[in-house]
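Dear colleague,

Please find below the structure I am handing over to you. My notes on its disulfides, helix packing and a few individual residues follow it.

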Amino acid sequence: MGASEMKIGLLVVMMTALFMASKIGVNAKPQVPCFFIFGDSLADNGNNNQLLTSSKANYKPYGIDFPDGPTGRFTNGRTTVDIIAELLGFDKYIPAYATLNSSSNLLSGANYASGGAGILGETGKHVGDNISLRKQIKHHRIMVSRIGDILGSKTLAQRLLNKCLYWAEIGNNDYINNYFMPWIYASGNLYNPDHFADLLIDIYHHQIMELYNDGARMFALIGLGKIGCTPNAISVYGISNGSSCVDYMNNAVQLFNKKLVTLVNQLNDYFVNSKFIYVNSYEMGSSDPITEGFKVLNAGCCAVIDKALCRPLDCPCKNRTVYVFWDSFHPTEAYNLITANRMYKAYDPSDSYPMDVSNLVQIFRPPTAEITSF
C-alpha cells in the first residue's frame, strides 16, 4: 500500500472516529449488552485515584480535552476503550469500578483497569499500590455476584455475561515496570526473555480461564505495544544502534505477542462456542505516524516529572493533534482515535486475528453449555 493510499485511508478512519465521538449521550442500542475492561494505565479511568501511588492522573493537565476534566485517564482526552465504547454504541462511557455505587447501572459493565498494573502481582509496586490483574478479576467476581442479585439468579447473570465483550489489555508493565528494572525486581535476573514470556502467558492463561468460568465467552486480548519507542524508554535506556527505538525491549514483547497468538488459537480450538481474538497493537504502532498527520513522535505533549507523568498544572502543547505521545508513556487522544478505530474495524489484515472487534460482536452467538477447564 502506497503512502498516499495509507494517508487517505487513515483520514477516513479519523473522520469516522470524529463522527462517532458525537454518539455518546445519544440513545442507541449497543452491539453488546455489557463491556468489561481489564488492564493498566492505557485503560484506567479513575481506579487509581484513591490509591497510595504516584501512578495516577486525576490532576491537570490530564483530561484537558475531556468533558469532565481530569478523571484519572492517563491522556488529554479519551482512551482507546472510551472510543471502543462509542463504536459499540454505548450511550455512556464504561465507569471505573472504584466509582460504582448503588445508582450505577451495573448491567452495562465496568472498567477495572489500574495504572501500573500487570499480570504479575508485584509489577509496578515500586511507585505505590495498583490493582493487579488478579485483583481486577476478584473485583469482577464481586460484580458477577451483584449482577446475580439484580437479575434474581446466578443462571440469569451467566446468560447476560455470555453476551458481553471482555477486553484485556495488560502486560506492558510486566516489562516496563518489572523485567527491565533488574535493580528493583528479580525477574530480569531470573529469566531470559523467552522464559519470561512463557511465565506471563501461563499465568495470563489461568486468569483468562477464571473469567471464562465466571461466564465470559467473548474475549478481545490486546497484544503488547512498542514499549521501546516511548519517550521514557528512549530517555532512560537510549536508542539501539541504527534504530530510533530501544530494540531489545520491543523484541522481548514480540515474544509475548507470538505466544499470545498461539494461546488464542488453542483457546478457540478448545472452546468452540466461545471466541477469542488477538488485537495486534504492536503492528498498529509500526505504521508511520507522519502519514497519519503526526509531527512529533518521540516527545510528550506535556512537561514531565522523572521522565514519566505530566508535571501538575503545567500548560501542555497547544497543537495536541500532531503529538503521538501525551506524556512519556501514554498516547494522545488523537493517536487513540486511530488505534481504537483500527482495533474495532481492521484497516490492515494484520490488525486483528482471526477477526476484528466489529466482526466479533456481530457474528458471535452465546453458547448453551461448555466444559469449563483447559
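The link of C229 and C245 is right-handed, with 105° about the S-S bond. The sulfur atoms of C229 and C245 are 2.0 Å apart, and a disulfide is taken here as a pair of cysteine sulfur atoms within 2.5 Å. The pair joins distant parts of the chain, 16 residues apart: C229 sits in the loop between β4 (218-222) and α8 (231-237), and C245 in the loop between α8 and α9 (247-270). C229 is buried at a relative accessible area of 14%, and C245 is buried at 10%. For these assignments, buried means under 20% relative accessible area, exposed over 50% and partly exposed in between, with a 1.4 Å probe and protein chains only.

Please bear in mind that this is a predicted model, in which local features need pLDDT of at least 70 and side-chain atom pairs count only at pLDDT 80 or more, while totals for chains, interfaces and linings use all residues. Residues are numbered from 1 along each chain as its sequence is written, and side-chain values use heavy atoms, with hydrogens and water left out.

The remaining disulfide findings are as follows. The count comes to four disulfides, and with bonded cysteines counted along the chain their pattern is 1-2, 3-4, 5-8, 6-7. One of them joins C34 and C164, whose sulfur atoms are 1.7 Å apart. This pair links distant parts of the chain, 130 residues apart, with C34 in the loop between α1 (3-20) and β1 (35-39) and C164 in the loop between α4 (154-161) and β3 (165-169). C34 is buried, at 0% relative accessible area, and C164 is likewise buried at 0%.

C301 and C317 also form a disulfide, with 1.9 Å between their sulfur atoms. The torsion about its S-S bond is about -110°, so this disulfide is left-handed. Because C301 lies in the loop between β6 (296-300) and β7 (304-305) and C317 in the loop between β8 (309-310) and β9 (323-325), the pair ties together parts that are 16 residues apart in sequence. Both C301 and C317 are buried. C315, by contrast, counts as exposed, at 74% relative accessibility.

Two helix pairs deserve a description. Helix α2 (residues 80-88) packs against helix α11 (residues 333-344) at an angle of about 50°, with 9 Å between their axes. The axes are lines fitted to C-alpha atoms, for helices over the stretch in contact, and the angles run from 0 to 180 degrees between N-to-C directions. α2 and α11 are therefore oblique to each other; angles under 35 degrees count as roughly parallel, over 145 as roughly antiparallel, 65 to 115 as roughly perpendicular and the rest as oblique. Their contact is made by T80, I83, I84, L87 and L88 of α2 with N336, L337, T339, A340, N341, M343 and Y344 of α11, where contact means heavy atoms within 4.5 Å. By class, the contact of α2 with α11 comprises eight nonpolar, four polar and no charged residues. In this classification Ala, Val, Leu, Ile, Met, Phe, Trp, Tyr, Cys and Pro count as nonpolar, Asp, Glu, Lys and Arg as charged, and the others, Gly among them, as polar.

Helix α3 (residues 133-151) and α4 pack at an angle of about 115°, their axes 7 Å apart. α3 and α4 are therefore roughly perpendicular to each other. On the α3 side V144, I147, G148 and L151 meet L156, A157, L160 and L161 of α4. The residues of the contact of α3 with α4 divide into seven nonpolar, one polar and no charged.

Finally, two individual residues. F276 lies in strand β5 (residues 275-279) and is buried, at 0% relative accessibility. Residues up to four places away in sequence aside, F276 touches I208, M209, F219, L221, V264, L267, N268, F271 and P354. The C-alpha atoms of F276 and L221 are separated by 7.2 Å, although these residues are 55 apart along the chain. T71 lies in the loop between β1 and α2 and counts as buried at 18% relative accessibility. Apart from its neighbours within four places in sequence, T71 is in contact with N45, G46, N49, A57 and F66.

With kind regards

Notes. Helix = DSSP H or I, 4+ residues; strand = E, 2+ residues; numbered from the N terminus.
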